[in-house]
Amino acid sequence: MSMASSLLIPMDESQKNHLKAYGIAYWMLQREVVVDWLLNYRGGSFLIPNSQQLQQECNIRGVSYEVIPDVQVNSILKEIADPESNTDLVKLEKVPKIAVYSPKNKLPWDDAVTMVLTYAEIPYTLLYDEEVLKGDLPKYDWLHLHHEDFTGQYGRFYAQFRMMSWYQQDVAIQEKTAHALGFKKVSEMKLAVAKTIRDFTAGGGFLFAMCSGTDSFDIALAAEGIDICESMYDGDAADPNANAKLDYSKTFAFRNFKIDMNPYNYEFADIDVPAIRTVDETTDLFSLFEFSAKWDVVPTMLTQNHTRIIKGFMGQTTAFRKETIKPDVLILGENKALNEARYIHGEYGNGTWTFYGGHDPEDYRHQVGDPPTDLSLYPNSPGYRLILNNVLFPAAKKKKQKT
């Protein structure tokens with residue numbers, strides 16, 4: 001039953017479950033209902049045509065909403081359109097098809113994106129090297145890379161975990177896959193995957209990466225044709241002059257970085273901030289920039305939140321040293337005092353990419369083997385909201401993706 005009113009899903013402090021609210025917006029897009037995203041209005045609220053079915057779904061999922069009559073809707077829209085107000089309205093019209101690049105074998109860590117997609121009840125497809133190299137990426141609008149190593153060094157876990165069965169199994173599976181796909185080394189396969197993802201983005205795809213999926217991707221592109229893997233990873237020595245040969249023109253986000261050539265270090269390069277930082281958990285915070293909603297619509301969408309200050313969290317790649325970030329990259333979130341960027345964005349060809357440092361926004365020091373975070377304990381997580389902003393972002397884009 002339809003009514004002469006709209007349903008406002010507030011995204012300020014009054015919302016009981018911010019994360020599932022994104023799922024409601026996605027659910028409506030699946031039903032071919034246009035969702036109005038009210039940027040910077042009460043934390044980035046959603047305005048949707050009212051119906052009993054929608055109210056019931058919000059009640060089932062525990063999402064707060066307000067039924068507002070047309071006269072109040074008109075007042076809100078007038079307020080948002082006011083040139084003096086840093087607000088805007090974006091129409092979400094298309095259901096983004098979501099893919100997550102992740103291995104099929106079980107590894108002893110989780111993925112914040114798959115956890116929040118599952119919690120928000122947003123569907124996604126898992127794919128890995130075979131599917132990427134087979135040409136499946138153009139079927140999707142949005143691709144996520146998480147705790148991944150595109151350099152072919154098995155996550156740099158050798159020093160600590162080489163005797164563990166999960167590590168040995170992962171090496172065996174990756175080597176078998178590389179050989180089956182016609183590559184002599186895993187590093188060569190991962191480079192081919194990274195280049196395919198690069199081309200997906202250039203053709204209009206939306207790339208989102210977290211943790212080591214960010215810097216290892218750029219490192220692989222910069223090191224094309226250079227052996228950066230020591231013998232325990234690929235059977236022969238690394239090029240001792242590798243750092244002098246890197247080509248930063250091939251990367252998305254980073255430049256002037258140096259690869260860590262010590263194969264026993266749990267670190268790929270000096271892009272990531274040092275493991276020992278002058279900050280503890282209680283003061284490890286980053287702030288979101290506030291953009292002009294009417295002029296800088298994309299960064300405004302990506303930074304919608306009910307707070308501008310967000311708790312930091314660690315990962316194999318925790319945050320990015322600003323000295324290594326290309327000048328045309330947009331910094332969305334930073335810890336200014338530490339001179340580190342946490343959340344960055346840019347364009348590549350017809351597509352866009354967003355890199356988000358850290359592993360799990362609600363597990364400060366996530367260790368290998370730790371249990372997954374129970375997101376029902378963090379339904380209002382501002383750190384997880386940034387991921388879901390990226391998930392909805394492609395719904396607002398109208399350009400056709402090239403294959």
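**A loop, then a helix**

Author: Arg156 lies in the loop between strand E8 (142–145) and helix H6 (158–161). Helices (H or I, at least four residues) and strands (E, at least two) are DSSP runs, numbered from the N terminus. The model is predicted, so local features need pLDDT of at least 70 and side-chain atom pairs pLDDT 80 or more, while totals for chains, interfaces and linings use all residues. Residues are numbered from 1 along each chain as its sequence is written, and side-chain values use heavy atoms, with hydrogens and water left out.

Look at the backbone of Arg156. Its phi is positive, at about 55°, although Arg156 is not a glycine. Arg156 counts as buried, at 2% relative accessibility. Buried means under 20% relative accessible area, exposed over 50%, and partly exposed in between (1.4 Å probe, protein chains only).

Gln153 is also placed in the loop between E8 and H6. Gln153 is buried, with a relative accessible area of 2%. What does it touch? Leaving out residues up to four places away in sequence, Gln153 touches Ile228, Cys229, Tyr233 and Phe268. Contact here means heavy atoms within 4.5 Å. Asn262 is 109 residues from Gln153 along the chain, and 12 Å separates their C-alpha atoms.

Now turn to Glu32. It is found in the loop between H1 and strand E2 (35–39). Glu32 is exposed, with a relative accessible area of 74%.

Glu84 belongs to the loop between helix H3 (70–81) and strand E5 (88–92). Glu84 is exposed, with a relative accessible area of 73%. Its C-alpha atom is 39 Å from that of Ile271, 187 residues apart along the chain.

Asp360 is in the loop between strand E15 (351–356) and helix H13 (382–392). Asp360 is buried but has no salt bridge. A salt bridge is a side-chain nitrogen of Lys or Arg within 4 Å of a carboxyl oxygen of Asp or Glu. The nearest side chain of opposite charge is Lys311, 9.0 Å away. Lys and Arg count as positive and Asp and Glu as negative; His and the chain ends are not counted. The side chain of Asp360 does make a polar contact with the side chain of Tyr384, at 2.7 Å. A polar contact is a pair of N or O atoms within 3.5 Å; within protein, one must be able to donate a hydrogen and the other to accept it, and residues adjacent in sequence count only if both atoms are side-chain atoms.

Tyr384 takes us into H13. 11 of the 11 residues of H13 are buried, so H13 is largely enclosed by the rest of the structure.

Which residues of H1 (residues 18–30) meet H13? They are His18, Leu19, Tyr22, Ala25, Tyr26 and Leu29. The axes of H1 and H13 come within 9 Å and cross at roughly 10°. Axes are lines fitted to C-alpha atoms, for helices over the stretch in contact, and angles run from 0 to 180 degrees between N-to-C directions. H1 and H13 are therefore roughly parallel (under 35 degrees; over 145 is roughly antiparallel, 65 to 115 roughly perpendicular, the rest oblique).

Helix H4 (residues 112–120) packs on H13 at an angle of about 75°, with their axes 10 Å apart. H4 and H13 are therefore roughly perpendicular to each other. Tyr384, Ile387, Leu388 and Val391 make the contact on the H13 side.
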